[in-house]
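Thanks for coming. I will take this one in parts and keep it brief.

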Amino acid sequence: MTITEARGGRRTGSAETGAGRRRGSAVLWGLLGVIVLALLWEGYKAIGPVAGVEFFGTSILPKTDDRSMPHLVDMLTRAVEPVNTSAGSPPVWIAVIGAALNSLGVAAVGWAIGSVVGFLIALLMQRLHVAERAVLPWLILSQTVPLIALAPVIVAWGGKIQIGTFSWDRWMSVAVIASYLAFFPVAVGALRGLQSPDTIHVELMRTYNAGWFRTLVKLRLPASVPFLLPALRLGAASAIVGTVVAEVSTGYKGGIGRMIIEFAQSGTSDPAKAYAPIAGAVVLGLVSAGIVALIGLTLKRFNRQEAAS
Amino acid sequence: MTDTALPTTESSAPGVPLAAISVRSAGKIFTVAKGAEVQALTNIDLTVAPGEFVSLIGPSGCGKSTLLRLIADLDSATSGEILVFGKTARQARLDQEYGIAFQSAGLLPWRSVQANIELPLELHGVGKTERAARAEELIELVGLTDFRSRFPDQLSGGMQQRVAIARSLAERPKLLLMDEPFGALDEMTRERMQQELVRICSETGAAVVFVTHSIPEAVFLSDRVVVMSPRPGRIVDIVDVDLGPGTERSDSLREDGAFFAGVTAVREALHGAPVTPRGADLR
């Protein structure tokens, strides 16, 4: 190994420890955020008026009684107690994990479908400029349709599908709605990524007499990775939101969205119970983004910065 | 190596080696917004012999890069004829008759030095071992042996440009097209790169069309310097430079009388001083 190589190796090493330190401080800051949030909650509960604050008849700050704002300790203790009084009822946190995994599976299907569809749309738009002008406004328009309005339509259409032994299940409707939210960031991000190569690179491929497909494989796809990864992460978070909302509006049982509604309905008698699945949904969003980030690690090579010349 | 300049309007008779480039009364008109037209090049005649090093020099907007792009078939001429080794520019591109290097290196950031050099070979289905062997030769030629597995962002500008030159040579082209490849480099790196380029070109025997706006660079590198003028882009003069074979050109040449004479001749042609314009200009 030459001296320069050795020096290069050491530089990468120190860069890695630097990144490790940064990651460590990111975790610390994240924890600090949670602590601040907990202090705000308990602090307001301690000093705020029991009836809340009203301003000309409009409530601007919530009531601080135990029903509206249970203590954090109550939420935690409720989370380890059984779901209900029936015999063999599992602790709340176990039930939350089960529901979250169920939702994660449905969201993953939705995310995968959405990502593939989004990517194909981006490819079409990259290939044909006419398509970009014709399709892009519709994509943006598609995201303005409220999910609640969409859910019954998809459930109704899905119910008519019956091919051989295959019949449409309710979770598929949920997955379709999740994909409807997930495809948009992927389509937009992938389009930007596919269009990101410089003119000089595109012209270089032209001088090599490389056609559209080879240019795609050797140039546009690798160049799109830095744009695609954040888009996929955003798509994953969108798929979780879509799943939670769609579970509620399609009446799909077993997922975390449905559990939030069910537990909240017992709010008057058991106010602390509903916070466990809400926390579960938040963690679910983080986990899904984390999984996509792990996928991204395998593509690290393509995430290199453009060489500064 | 052809040291003697060919007349600009010579037609390739049988027996005479086929010209690397033959441009005949070529013109290029760009249509800009609202149908307005810009005459980028008019009435260009130029012949480049095999193995000859020809520079295109002139102020910004004189169409020197456009002329190079016409030869590379990145744009097409609106009039006239451009032949590369007797083929149309398009056919020559399809047949991979030339290698090209631009002002910025244009390396793919996710590929190592070696993989960047192998790119054209990979695209044209050359086998893995053969690719690696060729890349090894070229890496040695441009002096980057210790850097073959580095990535472009770990290289200096000069090193990146060397990789780009190695890449342009990957398929052993008989013609190299270079559009201000050293334009973004500092003066010291630039002079060293010029010397390396002149050596590499005489070793490989490739003809070169080199776009630049540096007079000393054009004189140092070239067998002939084509002086161009803007609005509309045209050739005003072609200056013969005879500084001996490329392998023998060294730094000391930059102090030589012949070099200064060349610089003076090109400068006079550029500024339209004593030298009477010849060639395409019919004013």
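I will go through a helix pair, the contact between the chains, and then some strands. Bear in mind that this is a predicted model.

Start in chain A, with helix α3, residues 92-127, and helix α8, residues 212-250. The two pack with their axes 7 Å apart, at an angle of about 140 degrees. Angles over 145 count as roughly antiparallel and those from 65 to 115 as roughly perpendicular, so α3(A) is oblique to α8(A). The crossing of α3(A) past α8(A) is right-handed.

Which residues meet there? On the α3(A) side they are A:Ser103, A:Val106, A:Ala107, A:Gly110, A:Trp111, A:Gly114, A:Ser115 and A:Arg127. The residues they meet in α8(A) include A:Trp212, A:Leu232, A:Gly235, A:Ala236 and A:Ala239, and also A:Thr243 and A:Glu247. By class, the residues of this contact of α3(A) with α8(A) are nine nonpolar, seven polar and two charged.

Now the contact between the chains. Here 24 residues of chain A touch 24 residues of chain B. On the chain A side, α1 (3-47), α7 (199-207) and α8 each supply at least two residues. Which element gives the largest share of that side? That is α7(A), with six residues. The side of chain A that touches chain B divides into eight nonpolar, eight polar and eight charged residues.

Next, chain B, and strand β3, residues 53-57. This strand is mostly covered, with five of its five residues buried. B:Phe53, B:Ser55 and B:Ile57 point one way from β3(B), while B:Val54 and B:Leu56 point the other way. Residues on both faces of β3(B) are buried.

What does β3(B) pair with? One partner is strand β8 of chain B, residues 207-212, in the parallel sense over five bridges. In that pairing B:Ile57 stands opposite B:Thr212. Another partner is strand β9 of chain B, residues 224-229, which runs parallel to β3(B) and is joined to it by four bridges. There, B:Ser55 is opposite B:Val225.

Last, a sheet in chain B. It is open, has four strands in the order β2-β1-β4-β5, and its pairing is antiparallel. Which strands are at the edges? They are β2 (37-48) and β5 (87-88) of chain B, each of which pairs on one side only. Strand β4 of chain B, residues 79-84, pairs with β5(B) in the antiparallel sense over two bridges, and B:Leu83 stands opposite B:Thr88 in β5(B).

That is what I have.

Definitions and conventions. Residues are numbered from 1 along each chain as its sequence is written. Chains are lettered from A and ligands numbered from 1 in the order in which they are written. This is a predicted model: local features need pLDDT of at least 70, side-chain atom pairs count only at pLDDT 80 or more; totals for chains, interfaces and linings use all residues. Axes are lines fitted to C-alpha atoms, for helices over the stretch in contact, and angles run from 0 to 180 degrees between N-to-C directions. Angles under 35 degrees count as roughly parallel, over 145 as roughly antiparallel, 65 to 115 as roughly perpendicular and the rest as oblique. A crossing is left-handed if the near helix is turned anticlockwise from the far one by less than a right angle, and right-handed if clockwise. Two residues are in contact if their C-beta atoms, placed from the backbone, lie within 7 Å. Ala, Val, Leu, Ile, Met, Phe, Trp, Tyr, Cys and Pro count as nonpolar, Asp, Glu, Lys and Arg as charged, and the others, Gly among them, as polar. A residue is buried if 20 or more other C-beta atoms lie within 10 Å of its own, exposed if 12 or fewer, and partly exposed in between; C-beta atoms are placed from the backbone. Two strands pair if DSSP finds at least two bridges between them.
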